[in-house]
Amino acid sequence: MSFRPEHEIHRRRLGRNVGVGLLLAAFVALMFALSIVKVTQGDLMHQADHAQSVGAAATTETAP
Amino acid sequence: MTDIRSFDDTGEAQFGDYVQLLKPRVMSLVVFTALVGLLVAPVHLHPVESFCAVLFIALGGGASGALNMWWDADIDAIMRRTKGRPIPSGRVQPGEALAIGLALSGISVVMLALATNVLAGALLAFTIFFYAVVYSMWLKRSTPQNIVIGGAAGAFPPMIGWVAATGHVSVEAVLMFMLIFMWTPPHFWALALFMKSDYGDAKVPMLTETHGRKVTRAHVWWYTIALVPFALALGFTSIGGPVYLATSVVLNLEFLRGAWRIWRRDEAVAEADGYKVEKQVFKFSLLYLFAHFCALLADAALRSWHLGAW
């Protein structure tokens with residue numbers, strides 16, 4: 001069995017695929033970092049939760 | 001048949017060809033101005049959020065560049081300056097460029113909205129629409145004012161950067177927009193005067209082709225005059241300061257002097273000295289914009305040290 005010699009097209013494809021792969025890995029890492037930042041900051045989320053719980057409590061108290 | 005011999009040398013794109021599709025030189029201006037808009041804003045984002053904001057604004061700019069190249073592939077193939085671009089040279093297929101442009105548009109808008117706020121994402125979507133549809137598909141081939149109105153697309157990035165940080169549009173953001181918007185016409189017309197371009201062959205109605213070079217010279221002068229009040233006004237807002245105002249006064253005086261010289265020059269004289277003044281003014285216009293935004297950064301730094309603010 002003999003291996004086919006590598007054609008120039010294979011090198012081009014390898015370069016392109018490695019580039020896309022690295023970009024995707026960088027995107028995943030960035031999304032992870034952004035998620036961590038959003039979750040640890042969480043100011044807006046806390047405010048929204050607080051507003052909802054206050055609203056719910058007020059509704060319960062004023063209910064007949 | 002999928003035999004590798006069926007591909008010729010220009011039939012398969014490399015990674016760099018896709019990067020070229022995003023107009024990296026234009027992207028560098030987008031990154032710089034968006035970053036300044038973000039940094040001079042009174043609200044400071046987390047560094048990761050700031051990085052994401054600038055990255056996705058740049059990606060949106062790149063996406064609109066890919067859509068522009070897809071639409072303009074026919075005229076790019078005619079003009080010397082653009083015939084080496086990935087689509088006319090056959091390295092990237094038009095369908096690929098369209099798919100990349102649309103996909104990156106969607107990704108950049110959604111991710112900017114998630115990373116910062118919905119208004120910033122909406123502004124980025126409008127910018128992409130403006131450049132790809134209003135400028136590329138409509139204005140570019142129909143009116144010699146294409147540069148004037150189309151310049152809005154390049155003027156949005158600092159405003160988007162500002163909105164990404166603050167969540168709203170304010171007078172500072174509008175004036176940063178106006179600075180680039182009003183700067184674009186004299187900058188491009190100075191270039192059009194010394195670039196013996198083939199826009200005429202491509203049937204793109206540039207002012208030099210439709211109204212002649214004498215009228216274009218007058219336009220450079222009058223649009224530079226219109227630019228000055230916007231540039232100076234930015235110095236009196238909350239993001240201005242002594243560094244910006246001093247820089248702006250000097251730069252505007254020099255730009256006015258250059259525009260005046262262009263206006264008063266005869267075409268024969270300009271041709272005899274190889275468009276020396278036009279080339280000087282074009283180069284200076286690049287410095288003009290760069291220095292204005294650097295001065296904004298300098299004043300922001302002084303403010304953070306409690307120095308030099310208004």
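In the predicted model, chain B has a mean pLDDT of 91, and 95% of its residues reach 70 or more. Residues 1-8 of chain B, by contrast, stay under 50 in pLDDT, and the model has eight contacts beyond four places in sequence for this segment.

The interface brings 18 residues of chain A into contact with 19 residues of chain B. The size of an interface is often expressed as the accessible area lost when the parts come together. Between chain A and chain B, about 1700 Å² is buried, with 68% of this area on carbon and sulfur atoms. Of the area that chain A buries against chain B, 36% is supplied by A:R12, A:R16 and A:L30, more than by any other three residues.

Polar interactions across the interface were also counted. Three residue pairs, both members at pLDDT 80 or more, are in polar contact between the two chains, and one salt bridge is found between them. A:K38 forms a salt bridge with B:E49, in which the closest N and O atoms are 2.8 Å apart. On the side of chain A that touches chain B, nine residues are nonpolar, five are polar and four are charged.

Over all chains, a search of the whole structure finds 19 aromatic pairs. The ring centres of B:F255 and B:F284 lie 6.0 Å apart and the ring planes meet at 65°, so this pair is edge-to-face. The pair links distant parts of the chain, as B:F255 belongs to helix α11 (residues 242-264) and B:F284 to helix α13 (residues 276-304), with the two residues 29 apart.

Key
Residues are numbered from 1 along each chain as its sequence is written. Chains are lettered from A and ligands numbered from 1 in the order in which they are written. This is a predicted model: local features need pLDDT of at least 70, side-chain atom pairs count only at pLDDT 80 or more; totals for chains, interfaces and linings use all residues. Side-chain values use heavy atoms; hydrogens and water are left out. pLDDT is the predictor's confidence in each residue, from 0 to 100. Contact means heavy atoms within 4.5 Å. Buried area is the accessible area (1.4 Å probe) that two parts lose on being put together, summed over both. A salt bridge is a side-chain nitrogen of Lys or Arg within 4 Å of a carboxyl oxygen of Asp or Glu. A polar contact is a pair of N or O atoms within 3.5 Å; within protein, one must be able to donate a hydrogen and the other to accept it, and residues adjacent in sequence count only if both atoms are side-chain atoms. Ala, Val, Leu, Ile, Met, Phe, Trp, Tyr, Cys and Pro count as nonpolar, Asp, Glu, Lys and Arg as charged, and the others, Gly among them, as polar. Rings of Phe, Tyr and Trp (its six-membered ring) pair if their centres lie within 6.5 Å; planes under 30 degrees apart count as stacked, over 60 as edge-to-face and the rest as tilted. Helices (H or I, at least four residues) and strands (E, at least two) are DSSP runs, numbered from the N terminus.
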